[in-house]
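Hi,

Here is the structure I promised to pass along. Have a look at it first, and then read on for what turned up.

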Amino acid sequence: MNAWMRGRMPLWAAGAAVLLVVVGLVFLIPHGKKAETPASDKTVAAEWPKDPFPSTYKARASAPTLIRNTTILTGTGEEIAGGSILMSDGKITEIGSNIGVPAGATVIDGRGKFVTPGIIDIHSHLGVYPSPGIQSTSDGNEATKPTTPEVRAENSVWPQDAGFTRAIAGGTTTLEILPGSANLIGGRSVVLKNVWARTVQEMKFPGAPYDLKMACGENPKRVYREKGGPQTRMGNMAGYRAAFEKATEYEHKWKKYWSDKKAGKEVDAPDRDFGLETLAQVLEKQIWVQMHCYRGDEMAFMIDISKEFGFKIAAFHHAIEAYKVADLLRDNDICAVTWADWWGFKLEAYDGIQENIALVDAAGACAMIHSDSEVFVQRLNQNVALAMAAGRRIGLDIPRGRAVRWMTANPAKALNILDKVGTLEKSKMADVVLWTGDPFSVYSHAEKVYVDGWLAYDRDNPKRSPRADFELGQVGEGSTGGAGQ
Amino acid sequence: MRTKATLALLAALILAGDAAAQIGGPTGASQGQTAVVPPAAELPANARPSNNMMPLTVPIPTGEPTYLIRGAIVHTMGPQGVIQGADVLIAGGKIAGVGQGIIMPPGAQVIEANGRPVTPGLMASFTQLGILEIDLESTTNDTTADATVATAAFDVTDALNPNSTLIPITRVAGVTRAVVAPETGSSIFLGQAAVIQLGLDPNMVVRPRVGMFVIFDPFRAGGGYDAEDYDSGGSQETASGGGLLSGPVNRPVLWAHFRETIADAREYLARQAAYHAPGGSRDQRTTRIDLDALAPVLRGEEPIVAFVNRASDIRQLLAYTKQQNLKLIIAGGAEAWMVASELAQAQVPVLLDAYTNLPGDFSSLGATLANAARLDKAGVRVAFMPPSNEPSHNARRVTQIAGNAVANGMEYEHALAAITSVPAQIWGIADTYGTLEAGKDADVVLWDGDPLEVTSAPTAVFIKGQKIPMESRQTKLRDRYRDLTRKDMPLGYH
């Protein structure tokens, strides 16, 4: 890798996860084997403390906006020619071919243009490895020990990363920010709305669950080779199992406490451990695992470990070899998250092929693009186009309406926010992109980007183009044009 | 356009190399085949040249495969411009003719373009193709002089491996030429680059020692700050340099070492005999092999290729190289647009990764997607580097880089030139490569769509006249795993 560019490197790292409504109780016995609890015993609900850093995001007020006469890729698989979409009060209120103009609505003629859902980048390090990428801003890997479930990416996010402004100009409206991949268990990720804000809490996607970032393979063993290990893949696997075994005990201890307390017994609360608390919530599937894992054989081991302890892997990230085990991913309902064509930077990335996403998708598994890069988050549409075209060239039938899901609905599913975003359907959040042309053309730009119905970026209006504090008063200001430049 | 087509037909007569001797009349079968260019009347009206044309014959050497790509939109990148409905005749490793209505020579294989585009093979102006297999596996990686004695003397041609899997993976995507350059290390001087061809000929070097790469950015000269970069194998904190540099790296230190090295090399060059005599030269910090390597640079034969981003650094380099009479190429150039007129005036070209638009460090605060278009409009010669995160494994993405430059204001043909004819000029190989003109090496690509579009790919690739198998390790992996339901044999037997 070229050190010249290292500051601008993608972070082949991974991470993160999502929260379910509290699922029914699962008792886990200390040897890691999960016992199904009879429904009648589900008396003890998990009472983990609430989010210490709750979202303060508020959608901005906006007039109703109608985009009409346009081609809509809905994210549900459909392509509507001559379509219209109405956004009101931050939601999608109508979508179809003939929508009346509500009073006071802004009407946009979308002739020759395209509309898609806002792009969701499920793997980003914006904010935790921001621009400028200098020592002072390097906040993505707590590489002090191989297991750090206690840390949270949100506490490292610098909201003034200019990368956010470039990403919105590329149509990316939702980002999952992950810790890096130095650690076996890297910490919690956070899902953000891509809005300019003074605090991270103001960006936090309301109702989006947390995820846990974990990493397979070369990175942890490289980082800890001479720092006490792990230094092998078998060491990695032992490390995950040891961590979840401890978490199982921790969860058991707390559930016993809640149960005893409920029964009126005088009991002292166990000591609180933030890392184990996170892992315990992973065991309850309130937090899903986003697993950095390149090789297919390692994915199979991780699937086994997830079954042994009863946690959910939402997706394998940087899943260079997903095409080798697409059936396994399909059967276990795990998504593959990858690039269009990056490969070869290390041995576990040596078998990358351009048809990866298309083959996984064709096998019936869930596949999607990610950026892992402040450069490619600006053009995920182009990268989906690369993957789509590679699939088509080997004869797979991939309509645009299907390919668009690789950057919208599928990441929403893997983040467990598909009920809120990811498709253009009535009552979902109005995160919408109007493209100057076919989004799968290199020449197309995101022209207007709406977040909850509010025009957060307008290519034709510098006043609708957010700028990071860092860029004000610097050389080039005014000539570099803010977002998109 | 018609005038240009006429030129194309005439150009078909002027063949270089072996074929040139055969111009001038009908040739016997033993001497070779002939391609007959029809008189104007036989051409479709829309392809008819405006002036009178005599029937022309194009001599074809014997024993070489001959290909006729028929009915294409040909981006010649030369004086003929873009020719609609044109043919490209490939014979003897060379382009034998470009124009409308070339008649198929006997024995030629015809490839119907059906109106699709044809371009010269593309060129990526900064890669480690052939000297790198896997970034993080040091035994597969001959890319840097880091921590060794040789810095200026580091010559990529010592390491080129035509059997690298990156070569077929890159060429099936239409890239047929590349600059192979050292990676950044911990010294100012990185070493010497070469131009290679990616064809079937194992002699990859087209032109050695085409540039002395140097790094003129303290942030990068120290290796950059790289704490996050676990996947790229970067060390965590490399704030100080090594090699020629020791101790803290900043601009005055960097310049002092650079000037000293140039001065030493001048003295060495002037007094080479004395240098080798006992006591014949004062002590020099730079090693003899490095001083030797700098000789062509001082003679103005080999440009200095400087990785540099900040406008002030570019200005300083322009002044110094002018004063020292050295040739200069700027690489990176995030703020080059601010110095565009000076670069144009000094005729200094710029190598760009057109994606750069973030203040990645304090030397790149003026980065903008408009860089390529602004430089181009100012008359600066621009050539594209592949994406900086994967300049070798994804050297093939120079098309996307060029496409993005177009999307941000650069003229289409200029962006295409930035990966064909312009790098051919910059790197001194324009006599044999870079345009589709008779007599040049037949690096020719037929595309299934707009070559700069992300959905497009080549359907046929020729390098020095040889038709390239559209196969690579990646197509083989794909084919093995394409159908996971096959039960006849384990997939490892497929």
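Which residues of H3(A) are buried? Before the reply, some housekeeping: this is a predicted model, in which local features need pLDDT of at least 70 and side-chain atom pairs count only at pLDDT 80 or more, while totals for chains, interfaces and linings use all residues. Residues are numbered from 1 along each chain as its sequence is written, and chains are lettered from A and ligands numbered from 1 in the order in which they are written.

The buried residues of H3(A) are Asn236(A), Gly239(A), Tyr240(A), Ala243(A), Phe244(A), Ala247(A), Thr248(A), Tyr250(A), Glu251(A), Trp254(A) and Lys255(A) (buried means 20 or more other C-beta atoms within 10 Å of the residue's own, with C-beta atoms placed from the backbone). Helix H3 of chain A covers residues 233-262, and its 30 residues reach 43 Å from first C-alpha to last, close to the 44 Å expected at 1.5 Å a residue (that is, 1.5 Å times one less than the number of residues). Just after H3(A), Gly264(A) has a positive phi of about 85°.

Over in chain B, the axes of helix H4 (residues 251-270) and helix H6 (residues 288-298) come within 9 Å and cross at roughly 90°. That makes H4(B) roughly perpendicular to H6(B) (the term covers angles of 65 to 115 degrees). From H4(B), Asp264(B), Ala265(B), Arg266(B), Tyr268(B) and Leu269(B) meet Leu291(B), Leu294(B), Ala295(B) and Leu298(B) of H6(B) (contact means C-beta atoms, placed from the backbone, within 7 Å).

Chain B is also divided into domain 1 (1-121 + 434-494) and domain 2 (133-431). Their contact takes 25 residues from domain 1 and 28 residues from domain 2.

Best wishes

Methods. Helix = DSSP H or I, 4+ residues; strand = E, 2+ residues; numbered from the N terminus. Buried ≥ 20, exposed ≤ 12 C-beta atoms within 10 Å, placed from the backbone. Domains from an automatic or database assignment. Contact = placed C-beta atoms within 7 Å. Axes fitted to C-alpha atoms, helices over the stretch in contact; angles between N-to-C directions. Parallel < 35°, antiparallel > 145°, perpendicular 65-115°, else oblique.
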